[in-house]
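Thanks for asking me to look this one over.

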Amino acid sequence: MISFKNNRPLLQSGYCVFSDYDLAWLVNVLQEAATAAGTTLPYKEEIAAGVLQYLESHCPLHAVPLDYLFDRMRSLLNQIGLPLIAAHLRRQTPPIDIELDTLADESPLPLFFYTELRRRMDNLRTKGLTNYHFSGKERCSFDLSDRRRSCPTQQRALAELNAYLASCADK
């Protein structure tokens with residue numbers, strides 16, 4: 001087995017430290033800025049790859065404050081002639097993974113599950129973390145509906161879960 005060392009510095013936002021961020025997150029950040037600016041950015045992957053290359057190869061810091069990273073990205077966008085996108089670049093954290101199936105194992109009744117999920121999301125929001133990735137939705141819906149196979153009850157539980165997550169994203 002071949003293993004490569006990840007040379008990326010940690011990202012720091014307040015007391016929170018992120019080690020799990022990737023090219024897709026940076027591309028998404030640039031795409032959101034371009035969309036907010038009302039323009040397109042056809043080479044966002046190359047810009048994101050350049051930022052990641054800088055972090056992996058040339059950044060002397062072991063932990064980079066998130067504000068510093070976004071200030072450097074704004075400066076880069078201004079230097080390459082994209083000031084409109086730089087003005088709309090919004091500071092955001094990498095997505096936090098919330099394992100719904102693990103949470104459903106701990107609280108298998110829907111009332112307790114949704115209460116605990118809300119509590120955890122509110123706790124993350126108070127720390128300034130608002131970007132989430134939910135994993136294990138299907139397994140969670142099996143636990144919440146108390147089913148072992150897919151059936152209308154399980155599909156209803158999955159639809160309810162998706163609707164709840166969508167309503168949480170709107171807030």
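1. Every value below is computed from its atoms, so read each one as a property of the prediction.

2. **The overall layout.** The chain holds eight helices and five strands. Going along the sequence, their order is β-β-α-α-β-α-α-β-α-α-β-α-α. The C-alpha trace spans about 55 × 40 × 35 Å along its principal axes.

3. **Burial and contact range.** Of the 171 residues in the chain, 39% are buried. If you take the contacts between residues at least 6 apart in sequence, 64% of them join residues at least 24 apart.

4. **Helix 1 against helix 2.** Two packed helices are described by the angle between their axes and the distance between the axes. For helix 1 (residues 23-37) and helix 2 (residues 44-58), the axes come within 9 Å and cross at roughly 125 degrees. That angle makes helix 1 oblique to helix 2, and the crossing is right-handed. On the helix 1 side the contact is made by L23, L26, V27, L30 and Q31, while helix 2 brings K44, E45, I47, A48, A49, V51 and L52. By class, the residues of this contact are nine nonpolar, one polar and two charged.

5. **Helix 1 against helix 3.** Helix 3 covers residues 66-79, and helix 1 packs with helix 3 at an angle of about 60 degrees, the axes being 13 Å apart. These two helices are therefore oblique to each other, and helix 1 passes helix 3 in a right-handed crossing. Here W25, L26, V29 and L30 of helix 1 meet L66, L69, F70, M73 and L77 of helix 3. The contact has nine nonpolar residues, with no polar and no charged ones. For your selection lists, note that L26 and L30 are named in the contact with helix 2 and also in the contact with helix 3.

6. **Helix 2 against helix 3.** What angle do the axes of helix 2 and helix 3 make where they cross? The angle is roughly 130 degrees, and the axes come within 12 Å. That makes helix 2 oblique to helix 3, and helix 2 passes helix 3 in a right-handed crossing. Helix 2 takes part through I47, V51, Y54 and L55, and helix 3 through Y68, L69, R72, M73, L76 and L77. The residues divide into nine nonpolar, no polar and one charged.

7. **Helix 7 and D143.** In helix 7 (residues 137-145), the buried residues are C140, S141, F142, D143, L144 and S145. Is D143, an acidic residue by name, buried or exposed? Its relative accessibility is 18%, so D143 counts as buried. Leaving aside neighbours within four places in sequence, D143 is in contact with D101, A104, D105 and P108.

8. D105 lies in helix 5 (residues 100-106). As a distance check across the model, D105 and Q31 are 74 residues apart in sequence and 36 Å apart in space, C-alpha to C-alpha.

9. **The residue after helix 7.** Most residues other than glycine have a negative phi, and most peptide bonds are trans. D146, which follows helix 7, has a positive phi, near 60 degrees. D146 sits in the loop between helix 7 and helix 8 (152-170). At 66% relative accessibility, D146 counts as exposed.

10. **Cysteines.** How many disulfides does a search of the whole structure find? The search finds zero. C16 counts as buried because its relative accessibility is 15%. C140 is buried too, with a relative accessible area of 0%.

Methods:
Residues numbered from 1 in each chain as written. Predicted model: local features only at pLDDT ≥ 70, side-chain atom pairs only at ≥ 80, totals over all residues. Heavy atoms only, no water. Axes fitted to C-alpha atoms, helices over the stretch in contact; angles between N-to-C directions. Helix = DSSP H or I, 4+ residues; strand = E, 2+ residues; numbered from the N terminus. Parallel < 35°, antiparallel > 145°, perpendicular 65-115°, else oblique. Left-handed = near helix turned anticlockwise from the far one by under 90°. Contact = heavy atoms within 4.5 Å. Nonpolar A, V, L, I, M, F, W, Y, C, P; charged D, E, K, R; others polar. Disulfide = S-S within 2.5 Å. Buried < 20%, exposed > 50% of the residue type's maximum accessible area, 1.4 Å probe, protein only.
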